[in-house]
Structures are given as C-alpha cells and as structure tokens.
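Grab a pencil and let's work through some exercises together. Try each task yourself before you read the solution.

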Amino acid sequence: MGDDERADEHDIANVLLRYATGIDRRNWALFRTCFTEDVLAEYEGLDPWRSVEEITDFMTTSHVDMGHTMHRLSNLAIAVEGDTATARSYVDAILMAADGQTGLNPRGFYDDELVRTSNGWRIAHRRFTYVHFGVIGA
C-alpha cells in the first residue's frame with residue numbers, strides 16, 4: 001500500500017468519524033460535510049433519503065428532543081480505487097432520551113460508497129443494516 005492510498009483511507013475514516021461526531025454534537029454543518037449533495041441514504045426500515053438536505057433534516061428532527069447520544073464506529077474496512085471507494089463500518093449507538101434514563105441501542109453496519117470531490121471524500125451512497133435494536137431502561 002502506497003502513501004497516497006494510506007492517506008485516502010485516513011481521510012475516508014475521518015469522514016465516517018465526522019458523521020458520528022456531527023450527530024452526537026448536533027453539529028449539522030459538520031454532518032453535512034460527510035455527504036454528496038445527491039447522496040442516496042438507505043436505512044433499513046425507513047424511506048430512503050435522496051439528498052444531503054433530506055438526511056440532515058431527518059437527523060436534525062429526530063435528535064432534537066434526545067439527550068446524549070454516542071455513535072461508536074469500529075471495524076472500518078476501506079477499499080480505494082482511484083476516485084471511488086467503499087467502506088464498511090460497524091455502529092453501536094446509544095440514543096438516550098432527555099430523561100437520561102431511557103433510550104435506544106441500535107446496532108448494525110454501514111456500507112458506504114464514497115467519491116473524491118473537490119472538497120475531499122464524500123459518501124455518495126449509504127446503506128445501514130440493523131443487526132440488533134435494543135431498548136435501554138425499559
């Protein structure tokens with residue numbers, strides 16, 4: 001693996017971490033930097049989003065009344081081919097209600113297709129697959 005490929009993998013890993021950080025800090029400007037304008041985002045059980053505006057609007061609305069959240073990513077597997085790449089990452093999220101006592105624990109994996117843009121790597125297509133959906137404090 002050459003230095004360029006290592007740098008690309010590092011940059012792509014940072015895109016995935018920006019996604020998690022953007023949601024958990026409710027930093028929607030940061031969150032938006034993870035996606036192409038015409039991203040297709042398919043989260044199992046939900047209607048797909050077909051733009052960065054749609055996915056950002058959904059995440060903003062769905063997280064507005066939540067307490068703390070933690071989107072923990074692991075097992076990043078990234079493959080770069082020129083100006084495109086694929087990535088799989090596992091997610092184990094904790095989404096606490098405002099009461100801090102109850103919440104949700106969705107776990108699964110993201111399969112991403114990324115493209116190199118003039119602003120760096122961006123997710124062009126994301127698929128989220130549930131492995132388990134837990135309830136906290138119920």
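Two strands pair if DSSP finds at least two bridges between them. Helices (H or I, at least four residues) and strands (E, at least two) are DSSP runs, numbered from the N terminus. You're looking at a predicted model, where local features need pLDDT of at least 70, side-chain atom pairs count only at pLDDT 80 or more, and totals for chains, interfaces and linings use all residues. Residues are numbered from 1 along each chain as its sequence is written, and side-chain values use heavy atoms, with hydrogens and water left out.

**Exercise 1. Work out how the strands pair, and in which sense.**

Step 1: Take β2 (residues 66-81) and β3 (residues 84-97), which pair in the antiparallel sense over twelve bridges. Threonine 69 has leucine 95 in β3 as its bridge partner, and arginine 72 stands opposite aspartate 92 in β3.

Step 2: Move on to β3 and β4, an antiparallel pair with eleven bridges. Here alanine 85 stands opposite leucine 114 in β4.

Step 3: β4 and β5 are antiparallel too, over 15 bridges. In this pair, glutamate 113 stands opposite histidine 125 in β5.

Step 4: Now for β1 (residues 35-43), which pairs with β5 in the parallel sense over five bridges. Alanine 41 stands opposite arginine 126 in β5.

**Exercise 2. Find the hairpins and look for positive phi values.**

Step 1: β2 and β3 form a hairpin with two residues between them, and glycine 82 in the turn has a positive phi of about 65°.

Step 2: The hairpin of β3 and β4 has five residues between the strands, and there glycine 100 takes a positive phi near 70°.

Step 3: β4 and β5 make a hairpin as well, with two residues between them.

Step 4: Arginine 26 has a positive phi of about 55° and sits in the loop between α1 and α2 (28-32). Asparagine 75 also has a positive phi, near 50°, and is found in strand β2.

**Exercise 3. Is histidine 125 buried or exposed, and what does it touch?**

Step 1: Buried means under 20% relative accessible area, exposed over 50%, and partly exposed in between (1.4 Å probe, protein chains only).

Step 2: Histidine 125 counts as buried because its relative accessibility is 15%.

Step 3: List the contacts (heavy atoms within 4.5 Å). Not counting residues up to four places away in sequence, histidine 125 touches Val39, Leu40, Glu42, Asp111, Asp112 and Glu113.

Step 4: Look for a polar contact, meaning a pair of N or O atoms within 3.5 Å; within protein, one must be able to donate a hydrogen and the other to accept it, and residues adjacent in sequence count only if both atoms are side-chain atoms. One of 2.6 Å joins the side chains of histidine 125 and glutamate 42.

**Exercise 4. Which accessibility class do alanine 85, glycine 67 and arginine 26 fall into?**

Step 1: Alanine 85, in strand β3, has a relative accessible area of 5%, so it is buried. Leaving out residues up to four places away in sequence, alanine 85 touches Ile12, Ala79, Val80, Asp112, Glu113, Leu114 and Trp121.

Step 2: Glycine 67, in strand β2, comes out at 21%, so it is partly exposed.

Step 3: Arginine 26 is at 25% relative accessibility, so it counts as partly exposed.

**Exercise 5. What lines the largest pocket, by class?**

Step 1: Know what a pocket is: on a 1 Å grid over the protein atoms alone, it is an open set of points where a 1.4 Å probe fits, with protein on both sides within 12 Å along at least five of seven lines; lining residues have an atom within 4 Å of a point.

Step 2: The largest pocket is lined by 20 residues, and Tyr43, Met59, Leu95, Pro106 and Tyr130 lie nearest its centre.

Step 3: α3 gives the largest share of that lining, four residues.

Step 4: Sort by class. Ala, Val, Leu, Ile, Met, Phe, Trp, Tyr, Cys and Pro count as nonpolar, Asp, Glu, Lys and Arg as charged, and the others, Gly among them, as polar. The lining has 17 nonpolar, three polar and no charged residues.
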